[in-house]
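User: I would like to learn how to read packing and strand pairing in a protein model. Could you walk me through a case?

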Amino acid sequence: MSTIEPIHVIGGGLAGSEAAWQIAQAGVPVVLHEMRPVRGTDAHKTEGLAELVCSNSFRSDDAETNAVGLLHQEMRSLGSLIMAKGDAHQVPAGGALAVDRDGFSDAVTATLEAHPLVTIERGEVAGLPPEDWSSVIVATGPLTSPALAEAVLSLTGETSLAFFDAIAPIVYRESINMDVAWFQSRYDKVGPGGTGKDYINCPMTKEQYEAFVDALIAGDKTEFKEWEANTPYFDGCLPIEVMAERGRETLRHGPMKPVGLTDPRNPDKKPYAIVQLRQDNALGTLFNMVGFQTKLKYGAQAAILRMIPGLENAEFARLGGIHRNTYLNSPKLLDPTLRLKAMPRLRFAGQITGCEGYVESAAVGLMTGRFAAAERLGRPMQPLPHTTALGALINHITGGHIETIDEGPRSFQPMNVNFGLFPPLDYTPKAEDGKRLRGPAKAVARKKALTDRARMDLAAWMSDGVLPQAAE
């Protein structure tokens, strides 16, 4: 019998299952609480742990030029249960890692049930966990039970936890055509942390605006699921296509208003409409399309957004959308080890922290489990390098995000891992003959350089005393 006090993990999804596994593998007992089948959800169909409720894909497994593939590799290096069972139950999917969803869930469930330090308890944890649970990981995902959500709200002082996200597209800065666009804040206003040139502005003529509105109205849109129907919009935000349908001038008097802005290349001619993009991360590699939350399907969305002058060749770190979600304003509420500042015995993992995607949720669960186990064992961990996929993701969640330049709604939004979250390289990759690379070759070389740096830095971090892993 272990004399170490157990850590409690609430939620048996990918994040909770991974967190429980990492804790147990470090030699610390863990109680994993899963409310199904005692209390079901509108999305889950089984009582299995780590049930995949949507796609069965973990996306690209390319660790050389894809950020999520790199994340796969890093998780494998750290003994991830989710990746091990994903690999064991892989189905053909080209360069992606897709899994047999039932076999995968069954394997995760069986492995955790068999671990001597894991206890699985079925039933809802309603409200705040009992006070005698000194270390708790909340990994309840987008379908957090109402009682627990309300308890978290009461602790944080936040006004909402479940809502329709105002998710706007995010564009890679390097893909914006600055021969067309320019930097300027409206009326050259210098806000908190700003310079008066804090937005990238993309101008439109009347003809371009009219064509854009027509495309928005005609574009293929995603319908809400039945269980999302009664959830309010976050901060009163509406999809751009809904605004367009309310009147052809609505967008031009809303997020696309041209007032207070002057095109330096054509100062005597006022643009008919302007799309603004605001820096989204501290590195300045990602820019958010201001007010451009949308229900357009991804294919239509990318094509329509590239109608905007300056975004003809835009590459997107994340496309926009509005859907029901439950997540914290994590940069404000969580510390670097994912503890709730208002109640440090609580940690959070998975989608509720503001990451997006199966693999990202499991990755945050992996690190949260390790943070909690290290704390329990009195062996604090060194921070992850932000140059790694894991470190970049944790940094986005806990502090690598600009809250806002000017007054307005909170801007932190869930995101998949992507190279825009990584610190820039301190050199420019060159061809073998030393010549400057251009076009696709330049982009590939940059990605390979980022992944090479990440592997080297993760290896150095692991050699500095990472928690030991027992054999499975």
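**Reading rings, strands and a helix**

Analyst: Gladly! Let's begin with one side chain: Phe58 is buried, with a relative accessible area of 1%. Keep in mind that this is a predicted model.

User: Which residue forms an aromatic pair with Phe58, and what is its geometry?

Analyst: The general idea is to look at the distance between ring centres and the angle between ring planes, where planes over 60 degrees apart count as edge-to-face. A search of the whole structure finds 6 aromatic pairs. In one of them, Phe58 and Phe104 are 5.6 Å apart centre to centre with 85° between the planes, an edge-to-face arrangement. Phe58 belongs to strand β3 (residues 57–60) and Phe104 to helix α4 (residues 101–114), so this pair ties together parts that are 46 residues apart in sequence. Phe104 is buried as well, at 0% relative accessibility. Ring pairs also bring in Tyr358, which makes a cluster of Phe58, Phe104 and Tyr358.

User: What sits over the ring of Tyr272?

Analyst: The charged end of Arg252 does, 3.9 Å from the ring centre.

User: Now to sheets. In what order do β3, β4 and β5 form their sheet?

Analyst: Strands of a sheet pair through backbone hydrogen bonds, either parallel or antiparallel. Here the order is β3-β5-β4, an open sheet of 3 strands with antiparallel pairing. The edge strands, β3 and β4 (90–91), each pair on one side only. β3 is joined to strand β5 (residues 96–99) by 2 bridges, and Ser57 stands opposite Ala98 in β5. Across β3, β4 and β5 lies helix α3 (residues 81–88), running at about 85° to β5.

User: How many of the residues of strand β11 are buried?

Analyst: In a regular strand the side chains alternate between the two faces of the sheet. For strand β11 (residues 199–204), 6 of its 6 residues are buried. One side carries Tyr199, Asn201 and Pro203, the other Ile200, Cys202 and Met204, and both faces are covered.

User: Which strands pair with β11?

Analyst: β10 pairs with β11 in the antiparallel sense over 2 bridges, with Trp182 opposite Asn201. Strand β12 (residues 273–279) also pairs with β11 in the antiparallel sense, over 6 bridges. The bridge partner of Tyr199 in β12 is Arg278.

User: Last topic, helices. Why is helix α11 largely enclosed?

Analyst: An α-helix has 3.6 residues a turn, so residues three or four places apart point the same way. In helix α11 (residues 389–398), 9 of the 10 residues are buried, so the helix is largely enclosed by the rest of the structure. Among them are Ala389, Leu390, Gly391, His396 and Thr398.

User: What covers those buried residues of α11?

Analyst: The cover includes α2 (67–77), α9 (330–333) and α10 (358–376).

Terms used: Residues are numbered from 1 along each chain as its sequence is written. This is a predicted model: local features need pLDDT of at least 70, side-chain atom pairs count only at pLDDT 80 or more; totals for chains, interfaces and linings use all residues. Side-chain values use heavy atoms; hydrogens and water are left out. Rings of Phe, Tyr and Trp (its six-membered ring) pair if their centres lie within 6.5 Å; planes under 30 degrees apart count as stacked, over 60 as edge-to-face and the rest as tilted. Helices (H or I, at least four residues) and strands (E, at least two) are DSSP runs, numbered from the N terminus. Buried means under 20% relative accessible area, exposed over 50%, partly exposed in between (1.4 Å probe, protein chains only). A charge sits over a ring if NZ of Lys or CZ of Arg is within 6 Å of the ring centre and within 35 degrees of the ring normal. Contact means heavy atoms within 4.5 Å. Two strands pair if DSSP finds at least two bridges between them. Axes are lines fitted to C-alpha atoms, for helices over the stretch in contact, and angles run from 0 to 180 degrees between N-to-C directions.
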